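Open the model in a viewer and keep the selection tool at hand.

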Amino acid sequence: MSFLMVTRRDFLKYSAKLAAVLGFGASSIPRISEALITLSENPSVLWLQGQSCSGCSVSLLNTDDPGPAELLIRYISLQFHSTLSTATGETSIEIIHRTIDKGGYLLAVEGSIPSTMPEACLIGEEPLNELILKAVRSAKGIIAVGTCATFGGIPSAENNPTGAMGLSSFLKEKGITPPVIQIPGCPTHPDWIVGTLVHLLKFGMPELDTMGRPKLFFSKLIHDQCPRFPDYEREHFAKFFGDKGCFFKLGCVGTNTYADCTLRYWNSRINSCIPAGAPCIGCASDHFAKNSKFPFYRIGTDISTSSGH
Amino acid sequence: MGKSVVIDPITRIEGHLAIKVEVEQDRIVNAECRGEMFRGFEVFLRGRDPMDAQQITQRICGVCPISHGIASILAQDMAYQIRLPSNGRLVRNLIQGANFIQSHIIHFYHLSALDFIDIAAITKYTGQDPILLELKTWVEFQISSKMLYPAAPFLPRYESQYLDNVEINIQAIKHYLDALEMRKLAHKMAAIFCGKIPHAATLIPGGVSEHVNAQKIINYFEILKKLHVFIDTVYLPDVIAVAKAFPQYFKMGKGCNNFLAFGVFKESADSDITFLPGGVVMSSNYMAFNSSKITEDVRYSRYSSQSGSHPTQGETIADPHKTGAYSWLKAPRYDGQTMEVGPLARIIAAYVSGKSPLVTTTINQTISQLNIPFEDLVSVMGRHLVRALETKLIAEQCFKWLDQLVPDAPCVEPFTIPSSGEGVGLTEAPRGALGHWIEIADKKIKNYQCVVPTTWNCSPRDDKGNPGPVELALIGTSVSDIKNPIEAARVVRSFDPCIACAVH
């Protein structure tokens, strides 16, 4: 595999040494080698944060099976991540630049890019905008993590002062159009990132839709998979937050948001927005928060008569 | 003439922070905190529906979205004149409490501990714990490989003096891994009532949209039990072990010695009584907090807006090329003074005011156990210690709030958005005092201003040239090797900076 960093002979040599250290017999060597090959094939990942809140990184740490520790030692080799790296200051910048020079890594970008105000995001005194252009050139694969990096998200809301935009749009403006895997969500679900990464590493490029989103997670509307779909069919509409019934009349945009939250659930599958009594605000959608005239919620004037339940 | 050192980026905090220090004879004589990112939340919130605010402002920060959501709905509760039902108030406390626990655990283990513990000690591990064995194998293999940066993201690091006891190091590494699961559990616990986190669905004016039932109560209870055991038997002992190994850090990074807390976790719908009380402590004297004394200066910030305004009059006009400006953070001041916010400020406000016998007892026990004077808490190590103690107090209080929930009773009070109104939401994020100010006209947001914890702590100089708390804490700090200025990094991280919050 192209991500293989050492030869198979090196593995076997190392495994034999390890087996001896651990006191295993020779018969255990192939098994350990297999484990090590999986280990050593970990591709380098370079994680850069633009105009981000780190919410997608925090969400990634909520991953189950693999948990975050397993992800870091069994699946990827995280060369740099501003929130997790022990390296600080000058060494961080050296890691970023040497990783870029060597090439062959997966580039993960979290956060939007301030296209018209480069001073609005600096890393090591260099505008992120310039660093990104270098980083995409020698990357083996590019993943935009979260709605800010995919579609611009909240920082690109109407009247924003920085010209914030998603990675693909920014690159397109610069005349570069590399394939970018788009994993929206505000934040993005850890399963969506890990599932996409593992697909990429084990089986190659996942099937993507026309917006670059993995079909595995983003091919169906929230509405079509909603536990309250029968309420919609029966025109049983909730009058207020927390009410029983479909949230469509409260502004729910599950009808035009592609994601699988209502089936997958969040935070070790304990809950999700609609089951928790709140309409979908379309955080995985390409127009999330963009139009200031389109509020997240619609509450009428007659709600004071609602019981609230 | 001193040497200038720039630490950029400061990693293992949230966001884009650069620190510039001048070092003379191994001592920092000048420091600048530079926030290097800006999005303009206060700009694009204008003209939007007021109820967009609690969703949009949560996205200021993925580490403390709950506190932004709560500040926003408190401001709206006031503007819409809503009285919270008991369940709604308690569920908000339980969601916010869960995120405090999450944030404090991640701050100690995953952001700060690697400055003290020796991660390389794993190669000396001789036990049989499967995950530690795997980690050891992984580190050894990576080091023997031709990888550019083996064992990333854990290595490389500053060359410095780390904890030298192999056993304590290995236990701390195990706890680093355990803590990853514990902070995840704390998020799961929050999501029982907030739908999902980061960026909760259920926080709305009038209460919360989630309902209370026996299953949710028992789910929360069971996770809280696990977290409480972890805090009591792992987190606190680890912080104390690090404190004992690095006692000099009780004398380092003092800062401005002024403290501000808004108070957090409402204990009543009809009064401002909070579990952790608010207040102002200047020169060891407690004063009641008065929100009209807050102003934000911008002389050294990249804004052309009026300087020295109260948040109700505040503006955010970006000026990225402004001469003399060195940060995207404004410089908030209270009565013109530089103030530290955060767990230390909360605990000092509670202790000095005598308003929380629980805090007083806890602090007295701890300082007597460690045999340190009270004033040593105002330090790098004191911040870590107090943060851990606060985690314990909050976890224990969560049991009490859980007990007060009434299954199937209302969690939200219906409301209508008035055509005009004003509100202020004052609460605390894990890393300090947080305020949101909203002004509504024609049912739209006319003005929205946030004054955020790290804006206080990492603020640049104010109009009079007075440095911010982290800048002050850095000045005077000894740096033994300017190529590896770990002492400066330890000072900065003790404040738990969140730059996405601070710049917003």
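The tour starts where the two chains meet. This is a predicted model, in which local features need pLDDT of at least 70, side-chain atom pairs count only at pLDDT 80 or more, and totals for chains, interfaces and linings use all residues. Residues are numbered from 1 along each chain as its sequence is written, chains are lettered from A and ligands numbered from 1 in the order in which they are written, and side-chain values use heavy atoms, with hydrogens and water left out.

Select chain A and chain B. The contact (heavy atoms within 4.5 Å) involves 102 residues from chain A and 98 residues from chain B. About 8,100 Å² is buried between the chains, 63% of it from carbon and sulfur atoms; this is accessible area (1.4 Å probe) lost on putting the two parts together, summed over both.

Now show Arg74(A) and Glu134(B): their side chains form a salt bridge at 2.6 Å, N to O. The rule (a side-chain nitrogen of Lys or Arg within 4 Å of a carboxyl oxygen of Asp or Glu) finds two across this interface.

Strand 3 (residues 105-110) of chain A pairs with strand 7 in the parallel sense over six bridges; pairing requires at least two DSSP bridges. Here Tyr105(A) stands opposite Ala139(A). Strand 9 (residues 181-183) of chain A also runs parallel to strand 7, joined by three bridges, with Ile143(A) opposite Ile181(A).

Terms used: Helices (H or I, at least four residues) and strands (E, at least two) are DSSP runs, numbered from the N terminus.
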